[in-house]
Amino acid sequence: YLYLAPIAITWNAANSLNSVCHQPAGSSVGYRNPDQNDSSVCVAALGYVTFGEAWHSNHHADARNPSFSQNWWELDVGHWVIKMVKT
């Protein structure tokens, strides 16, 4: 259980995040920074809990950018970790 439980939790969290951050047009969940033609949204309530993974619309706008944040208040801890490991 010590091995499988974290894997199951992580897998379910990632899939749940994708379900929440891809909403049909006109949905009241989340917001979009860039103007793009897909259903991805940023969900602020999840953005802080998931350390930046929920800034999903930003990720879709620039998929090659390791930083998911585009505004000063969108904290992206994952990008900070990438920068620390890279240096």
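Rings of Phe, Tyr and Trp (its six-membered ring) are taken as a pair if their centres lie within 6.5 Å, with planes under 30 degrees apart counted as stacked, over 60 as edge-to-face and the rest as tilted. By this criterion, the structure holds three aromatic pairs. One of them joins Tyr-31 and Trp-73, whose ring centres are 5.6 Å apart and whose planes meet at 45°, so the pair is tilted. Tyr-48 and Trp-55 form an edge-to-face pair, at 5.5 Å centre to centre and 85° between the planes. Tyr-31, Tyr-48, Trp-55 and Trp-73 form one aromatic cluster.

The model is predicted: local features need pLDDT of at least 70, side-chain atom pairs count only at pLDDT 80 or more, and totals for chains, interfaces and linings use all residues. Residues are numbered from 1 along each chain as its sequence is written, and side-chain values use heavy atoms, with hydrogens and water left out.

Relative accessible area was used to class residues as buried (under 20%), exposed (over 50%) or partly exposed (in between), with a 1.4 Å probe and protein chains only. Tyr-31 is partly exposed at 22%, and Trp-73 is partly exposed at 31%.

The largest nonpolar core comprises five residues, Leu-17, Cys-21, Val-41, Val-43 and Ala-54; such a core is a set of buried Ala, Val, Leu, Ile, Met, Phe, Trp, Tyr and Cys residues joined through side-chain atoms within 4.5 Å. His-56 is buried, with 8% relative accessibility.
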